[in-house]
Structures are given as structure tokens and as C-alpha cells.
Amino acid sequence: MRAFEGQTAVITGGGTGIGAAIALALARERASLWLIGRRSELLKSVAESARGLGADATCCPFDLGSETGQNELTQRLTSNLHQVDVLVHNAAIYVPGPIDHASLEDFDRHYQINVRAPYVLTQALLPMMKARRGQVVFINSSGGISAKPLMSQYDSTKHALKAIADSLRGEVNAAGVRVLSVYLGRTASDMQARIHEQEGKPYRPELLLQPEDVASTILNALTVSRTAEVTDIHIRPMIKS
């Protein structure tokens, strides 16, 4: 029997990068997947790969950037799911800008996707997770620990995500639910390619963290004995660029 056989995993941002890598790692262990993201074609591609590995996969194309999208998603999940064992909050946006003229519309969207969506989704699925002694994974960033210039909007939401995770852990550990925050350095992804372009730097993904390395680290943490809980993981590229 595989480590996650018979378990159900819900993954936001499951169509690309880290989310897709986590989804496929869980699929290899026979978890049933519910993949959430904006672009249905990308979700379908990951779902097909997961099915090829012998796992069930369901696509949920929703925009987490609006309260309507969040509410419709939680309604679908709570209406169709009977259990949730692993919840991975991976969806996020990043738009840089100096505080003196950064867009407030961008700030609102940062909040909706990076903070409100994981809060709403956790709240909706928590009863099922408590019943299954489930595990919640928050994909955070080094920006969630130390804020940097031009990143006030993104980094503030990642600080908020840390607070949500830490508070949640104190509330649900007694119910057998484990909560993991993963603080990533620069990881090869579409988002990181855009960041390098904005910074005017060459994008060399081979020098960055690889999504598959992040996924294997997370699965190792999720399968540790129930006498323990991995609370925080900090991962950086070995070669600093």
C-alpha cells in the first residue's frame, strides 16, 4: 500500500510549478487529487499525468482572486468531498512595486489570493480534516520571514500567511491535525521567470530550487511518524545567484 493510498488531497495552484510537482508526487502514492487553478487546460494536463500514475484526479478551474470564486469553490468542495486528508495552499501572485505608487488594486488581489483564499478554504474544509486527522501545507516564501524593498504587498501577505498557519496549528493540533509552513527561496517556475525579467536578470532555472525537490521534501514531512510534527521548513537554492 502506498503512503497516501485512500487519501484525498486538495491543491491550489495545482496546474503548474510547485503545485503540479506536489500533485504528481502525491499521485505516485495513490492519493486522489482535487486540483484548483485558473487555467483549466493546465489542470487537465496535470490530471491526465496523475491518472497515468494510477491516481484519481478532479479539476476545479476557479479564480481565487474574487470572493465569488472562493465561495463557489468551497461550495463545490464541501458538496462533493466526503474527506480531506491533505490541503496544500500553493496558489499565489506576485507583483512588485514601491510603496509610493504601487497599485492598490494589485494589493487587493494579493490579499484575496495569498491570504483570504487559503483562510476561507481552510475554514470550509476543517471539519473534514479534523475527522481524518489531516494535514495542512502552506507554501510560503523567504519573504514571509524578512520583507524586502519593492515587495511590500507580496511580503506582507506572506507574513499574514505565517500568522494564519501558526495560529491554526495551535488550534487544531489537539484534534490530530498537523500544519506545515514551507518557506521557499527562489524556485524554478513561471512566476520566477517573470520576476527575473522584471529585475532585468537572466533566468537560469538550473541554478534555482526545483519543484520536484520541494515536493519530495514536503512528502517526507507529511509521512513522518504521528509522534512528531514538522512545523517549518526553510529551503534555499544551493548555488546563490
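Here is a short chat about the sheet, cores and a few residues of this predicted model.

Student: Before we start, what should I know about the model and its numbering?
Tutor: It is a predicted model, where local features need pLDDT of at least 70 and side-chain atom pairs count only at pLDDT 80 or more, while totals for chains, interfaces and linings use all residues. Residues are numbered from 1 along each chain as its sequence is written, and side-chain values use heavy atoms, with hydrogens and water left out.

Student: OK, what's the strand order in the open sheet?
Tutor: The seven strands run E3-E2-E1-E4-E5-E6-E7, with parallel pairing. Strands (E, at least two residues) and helices (H or I, at least four) are DSSP runs numbered from the N terminus, and two strands pair if DSSP finds at least two bridges between them.

Student: Which strands stand at the edges?
Tutor: Strand E3 (57-61) and strand E7 (232-235); each has a single partner strand, so one side of each is left without a neighbour in the sheet.

Student: And how many degrees does the twist average?
Tutor: It averages 15 degrees from one strand to the next. Axes here are lines fitted to C-alpha atoms, for helices over the stretch in contact, and angles run from 0 to 180 degrees between N-to-C directions.

Student: How many bridges hold E6 and E7 together?
Tutor: Four, in the parallel sense, with E6 spanning residues 178-184. Val182 stands opposite Ile233 in E7.

Student: Is E5 covered on one face or both?
Tutor: Both: Gln135, Val137, Ile139 and Ser141 on one side and Val136, Phe138 and Asn140 on the other are all buried. Buried means under 20% relative accessible area, exposed over 50%, and partly exposed in between, using a 1.4 Å probe and protein chains only.

Student: What about E6, which residues point which way?
Tutor: Arg178, Leu180, Val182 and Leu184 point one way, Val179, Ser181 and Tyr183 the other, and all are buried. In a regular strand the side chains alternate between the two faces of the sheet.

Student: How many bridges does E5 make with E6, and with E4?
Tutor: E5 and E6 pair in the parallel sense over seven bridges, and Gln135 has Arg178 as its bridge partner in E6. Four bridges join E4 to E5, also running parallel, and there His89 has Phe138 as its partner.

Student: Switching to the cores: which residues have the most contacts inside the largest one?
Tutor: Ile22, Leu26, Leu33, Val182 and Ile218, in a core of 38 residues. Its largest share, nine residues, comes from helix H1 (residues 17-28). A nonpolar core is a set of buried Ala, Val, Leu, Ile, Met, Phe, Trp, Tyr and Cys residues joined through side-chain atoms within 4.5 Å.

Student: What does Ile218 touch?
Tutor: Not counting residues up to four places away in sequence, Ile218 touches Ile22, Val137, Ile139, Leu180 and Val182. There is also a second, separate core of 27 residues, which includes Val84, Leu87, Met128 and Phe138.

Student: How many aromatic pairs are there?
Tutor: A search of the whole structure finds one. Rings of Phe, Tyr and Trp (its six-membered ring) pair if their centres lie within 6.5 Å; planes under 30 degrees apart count as stacked, over 60 as edge-to-face and the rest as tilted.

Student: Where do Tyr94 and Tyr154 lie?
Tutor: Tyr94 lies in the loop between strand E4 (86-89) and helix H4 (104-132) and Tyr154 in helix H5 (residues 152-172), so the pair ties together parts that are 60 residues apart in sequence. Tyr94 and Tyr154 are both buried.

Student: Last one: is Gln70 buried or exposed?
Tutor: Gln70 counts as buried, at 2% relative accessibility. Gln70 sits in helix H3 (residues 67-80), and a polar contact of 2.5 Å joins its side chain to that of Arg116. A polar contact is a pair of N or O atoms within 3.5 Å; within protein, one must be able to donate a hydrogen and the other to accept it, and residues adjacent in sequence count only if both atoms are side-chain atoms.

Key
Contact = heavy atoms within 4.5 Å.
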